[in-house]
Amino acid sequence: MTDQEYRWLQPSAMADPDLPGDRGGRPRRTPRDWFVDIVMFLFAALVGIAAADVTGSVGNPQYIVILDQLVGAAACCALWVRRRWPVGLAVTLVAVSAVAPVASGAELVALFTLTVHRPFKVVAAVGSAAVVGGLTQTVLRPDPTLPFAASAVATVVIVLLIVGWGMFVRSRRQLVVSLRDRARRAEAEAALRAEQAQRLAREDIAREMHDVLAHRLTLLSVHAGALEFRPDAPPAEVARAAGVIRDSAHEALNDLRDVIGVLRGPAAGDEHRPQPTLATLDALDAESREAGMKVTLDHRITRPQDVPAAIGRNVYRIAQEGLTNARKHAPGAEVTVTLTGAPGDGLTVEVRNPAPEGDTPAVPGSGQGLIGLTERAALAGGRLDHGPTPDGGFRVRAWLPWAAVAQAAEADAASATEAQP
């Protein structure tokens, strides 16, 4: 908060959840503010009365005494606008109190308010002027009960005490404002993080639903389209296509039920989701063959059980999406799924299909599957590239990191050691 905004802070603003600058305009005094202002007014009046008693007892003319009382009353009344014009009022009262001791109390209150609401550079200048004014008052209107040295020391000490007290109050108010602003920023950042977490969760759920359902629904679409375009097909082929449609619909419902179960139970972990692994790649190959695809699985991993579950799941999703795209855009073409790699070298999965034979019907697609696969590979620390081949076919190739067994064991041991108390 700038000094321009900070000067309007009333004492009660520290207990207000909304700072005056947040609402706009000048704040109104609360009962607490009125109480503080009245106390300050009474303090200035009492100091002025005491000073008037001293000046009246040294044989001053009556008109001087009356003039001092009028000046003191005006100085006390001027304190009600001390927050609006703290510098001007403090400078005026310093000059007046140099010749009118009855304004000394109002001068101290104005100096305190100036210290609370203005930077130290301004306070130091006005405070120095107050010391000079106090010494001038000691010379022009001396107190007969105190020697000059004692009056000078008392003047300096009182000014320093008022400035120190004001600086303490200013620092405390600035600390409260800073902590309040920091708390608001923390709340805003927490809300932003929560929003980002929700967005990432939605994206993760959308990606999972696409990966799970796209394969099944593509089978439904392809075989339903075959029945539509070949109503005179032999009964055996119609029955086979109907069986594939029924099985695919059943599997799609089961997968959808699993995903919806995750949505309904946010406390549930990932174990309730369908979690394919590298071992289920053979089942995906068999399912595609049963659906009428020509699939060749070239599995060159010597020890599939050593492949981490996360890598195996990503490989399965990449192969599934590749087979789905091949079935949609190159029906009847033979698809080759190649799997190579070793610990330390990474794991490579490639899905390739040649150009389709004859004219193929245009199948609608959003391209979100390949985008999701690219993001999935990047999140796993790997990379994915796709595109047409020179013979008119299409290729999807992904490389995923696969740490060496020894390195993975060392990492697990280190994690276990750190987890021990």
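**Close-up views of a predicted protein model**

Among contacts (heavy atoms within 4.5 Å) between residues at least 6 apart in sequence, 71% join residues at least 24 apart. This is a predicted model, in which local features need pLDDT of at least 70, side-chain atom pairs count only at pLDDT 80 or more, and totals for chains, interfaces and linings use all residues. Residues are numbered from 1 along each chain as its sequence is written, and side-chain values use heavy atoms, with hydrogens and water left out.

View 1. Helices (H or I, at least four residues) and strands (E, at least two) are DSSP runs, numbered from the N terminus. The protein has 421 residues, and 37% of them count as buried. Buried means under 20% relative accessible area, exposed means over 50%, and partly exposed lies in between (1.4 Å probe, protein chains only).

**View 2. The largest nonpolar core holds 28 residues.** A nonpolar core is a set of buried Ala, Val, Leu, Ile, Met, Phe, Trp, Tyr and Cys residues joined through side-chain atoms within 4.5 Å. Val315, Leu339 and Leu347 touch the most other members. Two or more residues each come from helices H10 (281-290), H11 (309-329) and H12 (368-379), and from strands S2 (334-342), S3 (346-353) and S5 (394-400). H11 gives the most, with seven residues. A second, separate core has 25 residues, among them Ala75, Ala103, Ala106 and Val123.

**View 3. Leu339 has contacts beyond its sequence neighbours.** Leave aside residues within four places in sequence. Leu339 is then in contact with Leu278, Leu281, Asp298, His299, Arg300, Ile301, Val315, Leu347, Thr348 and Val349.

**View 4. Helix H11 is mostly covered.** Of its 21 residues, 16 are buried. The expected span of a helix is 1.5 Å times one less than its number of residues. For H11 that gives 30 Å, and its end C-alpha atoms are 30 Å apart, which agrees.

**View 5. Helix H6 is largely enclosed by the rest of the structure.** How many of its 14 residues are buried? The count is 14 of the 14. From first C-alpha to last, H6 reaches 20 Å, close to the 20 Å expected.

**View 6. Helices H5 and H6 pack at an angle of about 150 degrees.** Their axes are 9 Å apart. Axes are lines fitted to C-alpha atoms, for helices over the stretch in contact, and angles run from 0 to 180 degrees between N-to-C directions. H5 is therefore roughly antiparallel to H6. Angles over 145 degrees count as roughly antiparallel, under 35 as roughly parallel, 65 to 115 as roughly perpendicular and the rest as oblique. The crossing is left-handed. That term applies if the near helix is turned anticlockwise from the far one by less than a right angle; clockwise is right-handed. H5 uses Pro86, Val87, Leu89, Ala90, Leu93, Val94 and Ser97, while H6 uses Ser104, Ala106, Glu107, Ala110 and Leu114.

**View 7. Val94 lies in helix H5 (residues 86-97).** Is Val94 buried or exposed? Its relative accessibility is 8%, so Val94 counts as buried. Not counting residues up to four places away in sequence, Val94 touches Glu107, Val126, Ala129 and Ala130.

**View 8. Helices H6 (residues 104-117) and H7 (residues 120-140) pack at about 165 degrees.** Their axes are 10 Å apart. H6 and H7 are therefore roughly antiparallel. Their crossing is left-handed.
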